Amino acid sequence: MLAKQRVLIIDDEKTNLKILSDILRDEVEIVLAKNGAQGIRKAGEFAPDLILLDVVMQDMDGFEVINHLKHDAATCAIPVIFITSLGDVSHEEKGLLLGACDYIQKPFHAAVVLARIKLHLQLARQRVMLEKLANIDPLTSVANRRRYDEVMHREWRVAMRNKSELSLVMVDIDNFKQFNDRHGHAIGDKILQEVAMQLLAQLKRPRDLVARYGGEEFVILLPEINKKGSIDVMESCRRAIEALQLEKPYSESRHKVTVSIGGVTCQPSMNTRPEDALKLADDMLYLAKHQGKNRVLWFGEEQGVIQHDSSSPNGTVG
Ligand SMILES: Nc1nc2c(ncn2[C@@H]2O[C@H](COP(=O)(O)OP(=O)(O)OP(=O)(O)O)[C@@H](O)[C@H]2O)c(=O)[nH]1
C-alpha cells in the first residue's frame with residue numbers, strides 16, 4: 001500500500017484550517033501552520049508533498065510566502081495551491097506566475113477541492129517517481145552516474161564551506177571478464193547486483209553514496225570522515241565481497257568474487273577539483289590491480305609510483 005502523502009495548510013484563520021483539515025483528514029497526513037513564517041519553517045522541516053496557501057494573511061501574505069519557498073532549494077519543488085477569497089484575475093495571474101500550480105477561490109465546494117488536491121498529489125507522486133528513476137542504475141538499483149555527479153558537487157561545496165574532509169573511492173570487480181566468459185552475462189549481472197548490495201550494506205551513514213560509475217566499476221563518496229576511517233570502511237567492503245557465498249554451481253568454481261579499491265581523502269578547496277580527486281582514486285585503483293588485486297589502496301599510503309605517459313591514459317607503474 002502506498003504511504004499517505006503529507007499536506008501542509010498555511011492559513012491564519014482557524015476556521016479555514018479546520019474546514020480544509022476536515023475535507024482532507026481521511027486522505028492525507030496534515031500539517032498546520034497559522035502564519036507565513038511558521039509555514040515556511042514547517043515546509044522545510046516536514047517536506048510536504050503539497051502546500052495549500054492562503055493569500056491574505058496578516059504578518060506575511062501568501063505571495064511573499066511562495067516567493068520564499070520557490071527560492072529555497074529544499075522547498076522549491078513542492079507544489080503550492082492558493083486557496084483564497086481574492087477573486088480578481090490579476091491576483092490569480094500573479095499567484096500562478098509566482099509558481100503556484102493551482103488557484104482555488106472561496107467559497108469552494110468541498111468535493112471539487114478534494115478532487116483537485118488529489119489530482120495534484122497524484123502528479124507529485126509521479127514526479128517523485130520519475131526523479132528516482134532518473135537517478136537510479138536499473139541493474140543494481142544503486143545511484144547512477146548522473147546522481148553521483150550531482151551529489152559529488154554538492155558534497156564538494158559543503159566540505160569547502162565546513163573545511164571538512166571528503167573521501168572518493170573507486171571500486172572495480174576483479175577478473176570480471178573471465179567470470180562473464182565462464183558463467184555468462186546473466187550471472188555476471190547477478191554478481192554486479194550482489195556487489196552493489198554488499199557495498200550498500202557496509203556504508204552506514206545517511207550521506208554516504210554508492211553509485212555505479214559504468215560497467216563493473218562503482219564510485220563511493222564518504223563525507224566527513226578521515227583517511228583512517230575511510231580505509232577501515234572500504235576494507236570492510238572488500239572483506240564482505242570476498243566472503244560472498246555464491247550459489248551452486250558457481251560456488252564450485254575456483255573463481256572467487258573480489259574487488260580492487262582505490263581511494264583518496266581530500267580537503268576540497270578553490271584550488272582543487274572533484275575530477276582531479278577522482279583521478280587520484282582511479283590511479284590508486286590502477287595500482288591496486290597492478291599489485292595483485294583484491295586490496296584497498298589509498299592515496300598517500302601507496303608503495304608504488306605512478307608515472308603518467310601520453311600513450312596510456314591510466315598511467316604506468318614504475
Ligand atoms: N554481466 C555484465 N558484465 C558487464 C557489464 N558491464 C561491463 N561488463 C563486463 O565487465 C568486463 C570488464 O572486463 P575488463 O575491463 O577486462 O576487466 P576485468 O576482467 O575485471 O579485469 P581487471 O579489472 O583487471 O580485474 C567485460 O567483460 C564487460 O563485458 C554488465 O552490465 N553486466
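Gly-188 counts as partly exposed because 17 other C-beta atoms lie within 10 Å, on a scale where a residue is buried if 20 or more other C-beta atoms lie within 10 Å of its own, exposed if 12 or fewer, and partly exposed in between, with C-beta atoms placed from the backbone. The structure is a predicted model, in which local features need pLDDT of at least 70 and side-chain atom pairs count only at pLDDT 80 or more, while totals for chains, interfaces and linings use all residues. Residues are numbered from 1 along each chain as its sequence is written.

Gly-188 is found in helix α8, where helices (H or I, at least four residues) and strands (E, at least two) are DSSP runs numbered from the N terminus. From Gly-188 to Lys-177 there are eleven residues in sequence and 8.8 Å in space, C-alpha to C-alpha. Both residues are among the closest to the ligand, together with Asp-174, Phe-176 and Gly-215, in a shell of 17 residues; a residue is near a molecule if its C-beta atom, placed from the backbone, lies within 6 Å of it. The elements giving two or more residues to this shell are β6 (166-173), α7 (176-183) and α8 (185-202). By class the shell holds seven charged, six polar and four nonpolar residues, with Ala, Val, Leu, Ile, Met, Phe, Trp, Tyr, Cys and Pro counted as nonpolar, Asp, Glu, Lys and Arg as charged, and the others, Gly among them, as polar.

UniProt, in an unreviewed entry, places the feature "domain: Response regulatory" at residues 6-121; UniProt positions are given in the numbering used here, feature names are shortened, and annotations may be inferred rather than shown by experiment. The end C-alpha atoms of residues 6-121 lie 9 Å apart, and the span is 45% helix and 20% strand.

Strand β3 (residues 50-53) is covered on both faces, with Leu-50 and Leu-52 buried on one side and Ile-51 and Leu-53 buried on the other. Strand β1 (residues 6-10) runs parallel to β3 and is joined to it by four bridges, and within this pairing Leu-8 stands opposite Ile-51; two strands pair if DSSP finds at least two bridges between them. Strand β4 (residues 80-84) is also parallel to β3, through three bridges, and Ile-81 in β4 is the bridge partner of Leu-52.

The loop between β3 and α3 contains Asp-54, at which the unreviewed UniProt entry places "modified residue: 4-aspartylphosphate". Asp-54 counts as buried because it has 26 C-beta neighbours inside 10 Å.

## Backbone details in the loops

The peptide bond from Lys-106 to Pro-107 is cis, with omega near 0°, and Pro-107 sits in the loop between β5 (102-105) and α5 (110-135).

Asn-175, in the loop between β6 and α7, has a positive phi of about 50° although it is not a glycine. Glu-224, in the loop between β8 (217-223) and α9 (227-242), likewise is not a glycine and has a positive phi of about 50°. Asn-175 is partly exposed, with 17 other C-beta atoms within 10 Å, and Glu-224 counts as partly exposed with 16 C-beta neighbours inside 10 Å.

## Helix α10

Helix α10 (residues 274-290) has 17 residues and reaches 24 Å from its first C-alpha to its last, close to the 24 Å expected, the expected span being 1.5 Å times one less than the number of residues. Its buried residues include Leu-278, Met-284 and Tyr-286. After α10 comes Gly-292, whose phi is positive, near 125°.
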